[in-house]
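Good morning, colleagues. I would like to take you through one structure, going from its helices to its cores and then to a few individual residues.

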Amino acid sequence: MPVQGQNAAFDEPIEALRRRIEELEGFPEGSPSRRELEGLRKELRKTTADVFGHLDAWQRTQVARHLERPYTLDYVRGMMSDWVELHGDRAYGDDAAIVAGFATFRGRSVAVVGHEKGRGTTERIRRNFGQANPEGHRKALRVMRLAGRFGKPVVSLIDTPGAYPGRGAEERGQAESIAANLIEMAALPVPIVAVITGEGWSGGALAIGVADRVMMLEYAVHSVITPEGCAAILWRDQERKADAAEALRITAPDLLRLGVIDEIIPEPLGGAQADHEETFRLVGDRLDAMLRKLERRAADDLVKTRHDRYRALGVFEER
């Protein structure tokens with residue numbers, strides 16, 4: 001399946017091999033054409049490993065936006081059971097761009113909040129392509145408050161183009177809703193683990209991203225602004241998005257080196273979109289290990305360490 005987005009030429013050799021393999025699989029067993037299959041499959045694995053081993057920042061952005069990558073509800077179905085979704089913020093309405101509720105994850109009850117982009121045009125429109133309004137952030141906070149009250153850890157799954165910048169969102173307090181989440185998550189007396197599964201841009205990512213530990217999938221991206229937005233501001237030319245992507249340091253290795261994230265979760269060969277089940281296993285194993293460590297710690301220690309973590313971010317020089 002090709003990477004979605006513009007200028008995804010890096011994926012063309014992989015797609016050519018896949019098309020050839022699919023064509024040969026239609027031939028009868030024992031035919032000369034079928035004998036090529038094993039060699040082509042080996043070549044596909046080698047080509048995929050080579051291509052995905054040398055992606056630049058903009059190419060990683062295209063992978064992170066792939067339409068077949070798993071979203072929050074996929075992770076819930078693939079890693080958890082007993083899912084109970086809660087709706088509405090008890091103030092304005094329900095925002096389908098964020099899902100929130102409780103589930104059982106490997107023997108423990110957890111609160112789950114995450115962005116949901118949806119499948120297919122109709123659902124994507126209903127979910128606003130994963131761009132949350134203020135009521136989405138407030139719904140997430142409502143569930144996190146319940147988690148704090150009942151001592152349940154919080155799992156946050158981040159994958160958003162950013163908080164919705166529409167007029168209605170601004171009128172209903174978009175900035176305030178993000179700020180309120182930052183303040184309350186910083187003081188939540190239970191473990192919080194965030195996983196950036198795809199794209200995590202701007203305040204939309206931060207609104208559910210204040211955590212004790214932040215993990216990131218191998219080809220996910222994360223920054224204060226999208227490459228297109230950065231290019232439009234700096235150079236007034238969105239076509240320089242690849243230059244902006246490099247300058248922003250948006251990739252998982254960059255962010256690990258800068259201390260913004262704590263761990264990189266490897267993806268299956270060809271990215272999370274190529275093998276959902278293996279992705280669920282990899283994410284589930286690391287999430288379970290991280291929760292086990294955090295669950296041993298007292299609430300006061302969690303909050304203090306969380307404060308220290310965010311106060312230590314960033315580098316500056318005095319002159």
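**Helices, cores and backbone**

The buried residues of α1 pack against α2 (37-52). Those buried residues are I14, E15, L17, I21 and L24; buried here means under 20% relative accessible area, exposed means over 50%, and partly exposed is in between, with a 1.4 Å probe and protein chains only. Helices are DSSP runs of H or I with at least four residues, numbered from the N terminus.

Before I continue, please note that this is a predicted model, in which local features need pLDDT of at least 70, side-chain atom pairs count only at pLDDT 80 or more, and totals for chains, interfaces and linings use all residues. Residues are numbered from 1 along each chain as its sequence is written, and side-chain values use heavy atoms, with hydrogens and water left out.

Helix α1 (residues 12-24) contains 13 residues, and its first and last C-alpha atoms are 19 Å apart, close to the 18 Å expected at 1.5 Å a residue. The expected span is 1.5 Å times one less than the number of residues.

Let me turn to α6. How far apart are the end C-alpha atoms of helix α6? They are 25 Å apart, which agrees with the 24 Å that its 17 residues (134-150) should span at 1.5 Å a residue. This helix is mostly covered, with 12 of its 17 residues buried; among them are H137, L141, M144 and G148. After α6 comes G151, with a positive phi near 70 degrees.

A nonpolar core is a set of buried Ala, Val, Leu, Ile, Met, Phe, Trp, Tyr and Cys residues joined through side-chain atoms within 4.5 Å. The largest one has 56 residues, of which M79, M80, V113, M144, V154, L217 and L287 touch the most other members. Helix α13 (residues 276-295) gives the most to this core, namely seven residues. A second, separate core has 13 residues, including F10, L17, L40 and L44.

Which residues does M144 contact, leaving aside its neighbours within four places in sequence? They are V113, V154, N181, M185 and L188, where contact means heavy atoms within 4.5 Å.

Next, the pairing of two helices. The axes of α4 (residues 72-79) and α13 come within 10 Å and cross at roughly 80 degrees. That makes α4 roughly perpendicular to α13, a class that covers angles from 65 to 115 degrees. On the α4 side the residues are D74, Y75, G78 and M79, and they meet T279, F280, V283, G284 and L287 of α13. By type, this contact has five nonpolar residues, three polar and one charged.

Finally, some individual residues. Most residues other than glycine have a negative phi. N128, however, has a positive phi near 55 degrees; this residue lies in the loop between α5 (120-126) and α6. Is N128 buried or exposed? N128 is buried, at a relative accessible area of 18%. S202, likewise not a glycine, has a positive phi of about 60 degrees and is found in helix α9 (residues 202-206). With a relative accessible area of 33%, S202 is partly exposed.

I183, in helix α8 (residues 174-186), is exposed, its relative accessible area being 61%. Its C-alpha atom is separated by 21 Å from that of H222, 39 residues apart along the chain. Thank you for your attention.

Technical notes. Axes are lines fitted to C-alpha atoms, for helices over the stretch in contact, and angles run from 0 to 180 degrees between N-to-C directions. Angles under 35 degrees count as roughly parallel, over 145 as roughly antiparallel, 65 to 115 as roughly perpendicular and the rest as oblique. Ala, Val, Leu, Ile, Met, Phe, Trp, Tyr, Cys and Pro count as nonpolar, Asp, Glu, Lys and Arg as charged, and the others, Gly among them, as polar.
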